[in-house]
Amino acid sequence: MNQNIKEEAIEQLEKDILFGFENAEDLFESISEMFYDTEDFDEEWLKKEILIRIEKHYAESVNWEKPTDFDRLVKAFDQLNKDKIVSLHRAGYTRQDGESDCLEIIDELKTLGITAKGYCYYHTQDLERAIGEEKTLFIGFDSYNQDEKLTIEIANKIIDVLTKNGFNPKWNGSLDTRIQISDINWKKTVDNIDFNYDRIFKIMESLNKPKSVISKKPFWKFW
């Protein structure tokens, strides 16, 4: 395996570990898939690099000030979910992915008798900015039906909840722009917690499900 391939693999591995969403098995699978057509790719080398770097990241996390910005973001998103605004962490890789994932959840909630007002999310490209020199996290949002008045209401609610959780969000009032959290200090280690589908449905069902609706097993349980 040549040095260029190793450097490319390490670059991706370092980013994914800083994101903090994937465990060692997930990291091995995702990075191996990146080089599926590399005949001499050294899987044992990759496994060792993953373990070394995960352990280093965990060791550094012991000294992190708590709560971290991610802890506070989870608290904010949990509150928004309680307010029927579907809020997704690391929703795909692009804006299109994020919107698609949120709308899929909104549709499934309808089958449970729960009507979400709208959604917000950040995706992997946003995380790359957050851990980079920009230290900025953008939050996408919309109403469930793209109604302008409701979307503005949702944006203001997101800003209010983020502010109450210690962030300084900015938004210029245009529906064509996203909410911006500047100077974010992204600190997260993998914890094997599902901050997306599982968490959202548990919150939404526990607080918003009409009594007349008979619960059915949510679709993500089959995954």
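1. On a 1 Å grid over the protein atoms alone, a cavity is a set of points where a 1.4 Å probe fits but cannot get out, and its lining residues have an atom within 4 Å of a point. This is a predicted model, in which local features need pLDDT of at least 70 and side-chain atom pairs count only at pLDDT 80 or more, whereas totals for chains, interfaces and linings use all residues. Residues are numbered from 1 along each chain as its sequence is written, and side-chain values use heavy atoms, with hydrogens and water left out.

2. A search of the whole structure finds one cavity of 30 Å³ or more, where grid points are joined across faces, edges and corners and a volume is the space filled by probe spheres set on the points. The largest cavity holds about 60 Å³ of space.

3. Its lining includes Asp-16, Ile-17, Gly-20, Glu-22, His-57, Tyr-58 and Val-190. The elements that give two or more residues to this lining are H1 and helix H3 (43-61), helices being DSSP runs (H or I, at least four residues) and strands likewise (E, at least two), numbered from the N terminus. H3 gives the most, with three residues. By class the lining has five nonpolar, three polar and two charged residues, where Ala, Val, Leu, Ile, Met, Phe, Trp, Tyr, Cys and Pro count as nonpolar, Asp, Glu, Lys and Arg as charged, and the others, Gly among them, as polar.

4. The structure holds nine aromatic pairs, a pair being rings of Phe, Tyr and Trp (its six-membered ring) with centres within 6.5 Å, counted as stacked if the planes are under 30 degrees apart, edge-to-face if over 60 and tilted for the rest. The pair of Phe-21 and Trp-186 is tilted, because the ring centres lie 6.4 Å apart and the planes stand at 35°. This pair links distant parts of the chain, 165 residues apart, with Phe-21 in the loop between helix H1 (3-19) and helix H2 (24-34) and Trp-186 in the loop between strand E5 (179-181) and helix H8 (197-208).

5. Phe-21 counts as partly exposed at 21% relative accessibility, while Trp-186, at 8%, counts as buried; buried means under 20% relative accessible area, exposed over 50% and partly exposed in between (1.4 Å probe, protein chains only). Phe-35 and Phe-41 form a stacked pair, because their centres are 5.1 Å apart and their planes at 10°, and both are buried.

6. Phe-21 and Trp-186 also belong to one aromatic cluster, together with Phe-70, Phe-77, Tyr-122 and Phe-195. The charged end of Lys-188 sits over the ring of Phe-21, 4.7 Å from its centre, a placement that requires NZ of Lys or CZ of Arg within 6 Å of the ring centre and within 35 degrees of the ring normal.

Definitions and conventions
On a 1 Å grid over the protein atoms alone, a cavity is a set of points where a 1.4 Å probe fits but cannot get out, and a pocket is an open set with protein on both sides within 12 Å along at least five of seven lines; lining residues have an atom within 4 Å of a point.
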